[in-house]
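Please look at the fold and at the small molecule held within the model shown here.

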Amino acid sequence: MATVTELKKLEAKDYKPEIPPDWCPGCGDFGVLNALFQACAELELQPHETVIVSGIGCSSNLPGFIRAYGVHSLHGRALAVATGVKLANHALTVIATGGDGDGYGIGLNHFIQAMRRNINVTYIVMNNEVYGLTTGQVSPTSETGMKTKTSPLGNLEGMLNPMALALASGCGYIARGYSGQPKHLLKLYEDGIQYPGFALIDVFSPCLPFNKQNTYQ
Ligand SMILES: Cc1ncc(C[n+]2csc(CCOP(=O)(O)OP(=O)(O)O)c2C)c(N)n1
Ligand code: SF4
Ligand SMILES: [Mg+2]
């Protein structure tokens, strides 16, 4: 007979929400989320012991699309909130999610400080190299020369390299995946979530309407 301490073995489908994501059809963030359902199931993360924290952006809507505790916080402040959650209860698995604009632009200082402090948080960045939610302005990871509505003559600025920055900031787990390669992504998630410190997983995640340069092709 089952006792109250025995928890059900969850499958990927058990983390799916009642309301599906409202991302554009074909958005790379679907692949990022699907691999996360799989990782949660493989690692047997219980939804009541898991907290997903985000900032603002299309990608930052992710906590609303997974069955776990979630905080949809302020633009660029996901890691500050995630740090607070982890410090308040070390037993929780804390995963921060967001975009390149959120994490590498407005939230850049928090990103560096979180790596320096080595708080046990896994940070998944959906790097579409553009501001998707606000309909396509350049972000710190946009390629030089990339044309958008607000940079019709092409992006004048150089690209930020988050992997090199993470290495220089003392981050102990640095990985890059692609939303079109779910098996590889699953492995990165599993290793990152189990890593006992700050883990960065930067995921190339195409934005079809606003980044015509970095596509699935
Ligand atoms: C303080 C503040 N400044 C600006 C905005 C407007 N804003 C919302 S999302 C966003 C950029 C999001 O880009 P990214 O993090 O790359 O997410 P994506 O939509 O591409 O997934 C901006 C500038 C805001 N919500 N709050
Ligand atoms: S605008 Fe881009 S990032 Fe936002 S949901 Fe659509 S495809 Fe995804
Ligand atoms: Mg973006």
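The largest share of the shell around ligand 1, 4 residues, is supplied by helix H3 (residues 100-106), where helices are DSSP runs of H or I with at least four residues, numbered from the N terminus. This is a predicted model, in which local features need pLDDT of at least 70 and side-chain atom pairs count only at pLDDT 80 or more, while totals for chains, interfaces and linings use all residues. Residues are numbered from 1 along each chain as its sequence is written, ligands are numbered from 1 in the order in which they are written, and side-chain values use heavy atoms, without hydrogens and water.

Ligand 1 is surrounded by 16 residues, of which the closest are Ser59, Gly101, Asp102, Gly132 and Leu133; a residue belongs here if one of its heavy atoms lies within 4 Å of the ligand. The table gives polar contacts, that is, pairs of N or O atoms within 3.5 Å.

| Residue and its atom | Distance to an oxygen atom of ligand 1 |
|---|---|
| Cys58, polar backbone atom | 2.9 Å |
| Asp100, polar side-chain atom | 3.0 Å |
| Val130, backbone N or O atom | 3.0 Å |

Taken alone, ligand 1 exposes 590 Å², and the protein buries 72% of that, with areas from the Shrake-Rupley method and a 1.4 Å probe.

Notes:
Polar contact = N/O pair within 3.5 Å; in protein donor to acceptor, adjacent residues only side chain to side chain. Helix = DSSP H or I, 4+ residues; strand = E, 2+ residues; numbered from the N terminus.
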